[in-house]
Amino acid sequence: MRETPRSQGTASDAGAERPQRRFGRAFAHTTGASGSGTPHGSDGRPPQTPRGVRHTGPDGRPGTTPPVPGRPAFFRSGLFALCAVLFGLVTWQAAAGGPLRTADERLGLALAGQGPRPLTEVLADLGGMPVALPVLALAIGYALRRGRRAQALAVAVTMAAVPALVMPLKLWIARPGPLTDATGYYPSGHTATAMVAYGGAALLLAPYAGRSRTVPVAVLLTLATGTGLMLRGYHWPLDVLGSVLLCGMLLILLVRVLAGLGSRRPGSRGPTPH
């Protein structure tokens, strides 16, 4: 016999009874009720990370890694310092002589005259003002048309700083060229012109075409210029390297200035619409 007999209620009585909670069921799947003391996600429980403070990526998607402040500036400062130290070392070797200059001259003489002359001539001419400056002028004109006057002015001033820095160094070092007794070959003016002209154009066009597209083109044109100069016997390898380090510092400063003026991050396609 059962100690507690089952209730013999009618069907109408059973429908009037309040359903009893099943303790074997998780509370998180039940509908919240007043007075239950157990708030749920559907009735007011705040999420673990409030939506108002979630960081978003450049494309606006939530849940991305929050940006680390100061990292790009620290990286640029370290890269600038590295270029400055290496430039000082290369300039000292080019001026006073030493093991590095001796190895440089051996390599330069081995490279001079290599490759098809028409091709190496074209590569060397990429750093000439008649070729590089019109490319930069077009980029500056486009930036002016898009209303980025401050950025265009910053790039133009950087380009104007190239001869102001290179020419005194040429006169002071007075290094002879690989195939001539004439002096004034360190640092390479053609390499400096190519690097700043193409690099400045790449930075101006980056907000519209993407820095991942424009910067590699500028790097490729600069390397092609330096390669052509060495293969034609117009410059020693250290002449080219010295210009790359010097103009690397100029471009790092330019990037910082453009960032301060509100330039776009890499990968952005254009100004944010208002």
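Predicted model: local features only at pLDDT ≥ 70, side-chain atom pairs only at ≥ 80, totals over all residues.
Local features need pLDDT of at least 70 and side-chain atom pairs need pLDDT 80 or more, while totals for chains, interfaces and linings use all residues. Residues are numbered from 1 along each chain as its sequence is written, and side-chain values use heavy atoms, without hydrogens and water.

**View 1. Helices H7 and H8 pack together.** H7 covers residues 189–209, and H8 covers residues 211–231. (Helices are DSSP runs of H or I, at least four residues, numbered from the N terminus.) Their axes lie 7 Å apart, at an angle of about 170 degrees. (Axes are lines fitted to C-alpha atoms over the stretch in contact; angles run from 0 to 180 degrees between N-to-C directions.) The two helices are therefore roughly antiparallel, a term for angles over 145 degrees. Contact means heavy atoms within 4.5 Å. Among the contact residues are Tyr198 and Leu205 of H7 and Val215 and Leu221 of H8.

View 2. Areas come from the Shrake-Rupley method with a 1.4 Å probe; for residues, only the protein chains shown count as cover.) Helix H2 (residues 71–96) gives the largest share, 6 residues. Leu86 lies in H2.

**View 3. Arg101 and Glu105 form a salt bridge.** Their closest N and O atoms are 3.0 Å apart. (A salt bridge is a side-chain nitrogen of Lys or Arg within 4 Å of a carboxyl oxygen of Asp or Glu.) Both residues sit in helix H3 (residues 99–111), 4 residues apart, so about one helical turn separates them. The count by this rule is 5 salt bridges.

**View 4. The loop between H6 and H7 holds Ala174.** Phi of Ala174 is near 50 degrees, a positive value in a residue other than glycine. Pro187 is also placed in the loop between H6 (149–173) and H7. A cis peptide bond joins Tyr186 and Pro187, with omega about -5 degrees. Most peptide bonds are trans.

Note on methods
Parallel < 35°, antiparallel > 145°, perpendicular 65-115°, else oblique.
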